[in-house]
Amino acid sequence: MTSRTFSFEFFPPKTQEGMEKLRAVRTELAALRPRFFSVTFGAGGSTREYSLATVLDIQRAGLDAAPHLSCIGATRESIRAILTEYKSHNIHHIVALRGDLPSGMAGTGDFRYANELVSFIRSETGDWFNLEVAAYPEIHPQAKSAHDDLINFKRKIDAGANAAITQYFFNADAYFAFVDDCRKLGVEVPVVPGIMPIGNFSQLARFSDACGAEIPRWMRKKLEGYHDDIDSIRAFGLDVVTDLCDRLLDNGAPGLHFYTMNQAAATMTIWERLGLENTLG
Ligand code: FAD
């Protein structure tokens, strides 16, 4: 059981007040003893300073921090500078991504895809970093086909990534089929499911449309039916997401990565319901 990897994702707050709130959330979640806390990075470097500040704050608390790093719009020089900075702070873990440029931002950079970033990090820093990449059990929205997407995922592993974290999904079969397809191609790295607790339907619907995660019809209809009844939305969300996690872990998922949205409550409730308190070493 101790070989499973549990991790929690934050986005970097932009104010001192936000940072203090996140510190309180982190303290609660740290009690669950996750393997690491990851911190997102705005494509085009838009959150660079906030991401670094959040990462260092986690590290100062004696916890493992894994900064995300997205390469779209970036130059080799700018990525090199970030890698040097992380190395100087003894950071050994990166989630390497392409990112999506905000609309209106021109895409002139040295990297087109995440596999190029993984290759670059390996060529610049050897084995210093443990590298995670993104995986899409329900297919990345820009992929030409499921097969192309799988081959493109393999490129990132072949370039030197150690493990993957998936986009969130509510359909466990998509995850199991994706992992089976990976194994058939000889891709053996851990593929950790990304888990999105449900707190707010309109936000979830917006995110899901953008990232290609399917909200199954029966779930959408139930959630729509609750209208503004936030307690019912949360209660239903906790039931559905706990069942999903249970099924994933029972069938061999190598851990869970929670998209916490900088909140502790839902993740902690799911954790307790899964009975994970005593499983970590
Ligand atoms: P890639 O792996 O490069 O794939 C992007 C698309 O291009 C896919 O359709 C793929 O099939 C295709 N493709 C890939 N390689 C090739 C190739 N060599 N030739 C042709 N086609 C190719 N975004 C952020 O901005 N900041 C974050 O912090 C962040 N964190 C994330 C964390 C996780 C766990 C996940 C799942 C996503 C995260 N994202 C983040 C979102 C991510 O940046 C977007 O999903 C983005 O659209 C794709 O990034 P990627 O690294 O998967 O790209």
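## A buried alanine

A residue counts as buried when its relative accessible area is under 20%. In this predicted model, Ala-174 has a relative accessible area of 13%, so Ala-174 is buried.

Where does Ala-174 sit? Ala-174 belongs to helix α6, which covers residues 172–184. Leaving aside residues up to four places away in sequence, Ala-174 touches Pro-137 and Glu-138.

## The buried side of α10

Now turn to helix α10, residues 265–274, where Thr-267, Met-268, Ile-270, Trp-271 and Leu-274 are buried. Why do these residues lie on the same side of α10? They cover an arc of only 165° around the axis, and that puts them on the same side of α10.

What do the buried residues of α10 pack against? Their partners are β1 (5–10), α1 (16–30), α9 (230–250) and β8 (255–259). Just after α10 comes Gly-275, which takes a positive phi of about 70°.

## Where α1 meets α2

Helix α1 also meets helix α2, which spans residues 48–60. Their axes come within 11 Å and cross at roughly 40°, which makes α1 oblique to α2. The crossing of α1 past α2 is right-handed.

Which residues make this contact? From α1 come Met-19, Leu-22, Arg-23 and Arg-26, and they meet Ala-53, Thr-54, Asp-57 and Ile-58 in α2. Sorted by class, the contact of α1 with α2 has four nonpolar, one polar and three charged residues.

## Where α8 meets α9

Helix α9, one of the partners of the buried residues of α10, also packs with helix α8, residues 217–225. The axes of α8 and α9 are 10 Å apart, at an angle of about 160°. Angles over 145 degrees count as roughly antiparallel, so α8 is roughly antiparallel to α9. Here α8 passes α9 in a right-handed crossing.

On the α8 side, the contact is made by Trp-218, Met-219, Lys-222 and Leu-223, while α9 supplies Ile-233, Phe-236 and Val-240. By class, the residues of the contact of α8 with α9 are six nonpolar, no polar and one charged.

Definitions and conventions
Residues numbered from 1 in each chain as written. Predicted model: local features only at pLDDT ≥ 70, side-chain atom pairs only at ≥ 80, totals over all residues. Heavy atoms only, no water. Buried < 20%, exposed > 50% of the residue type's maximum accessible area, 1.4 Å probe, protein only. Helix = DSSP H or I, 4+ residues; strand = E, 2+ residues; numbered from the N terminus. Arc of directions from axis to C-beta. Contact = heavy atoms within 4.5 Å. Axes fitted to C-alpha atoms, helices over the stretch in contact; angles between N-to-C directions. Parallel < 35°, antiparallel > 145°, perpendicular 65-115°, else oblique. Left-handed = near helix turned anticlockwise from the far one by under 90°. Nonpolar A, V, L, I, M, F, W, Y, C, P; charged D, E, K, R; others polar.
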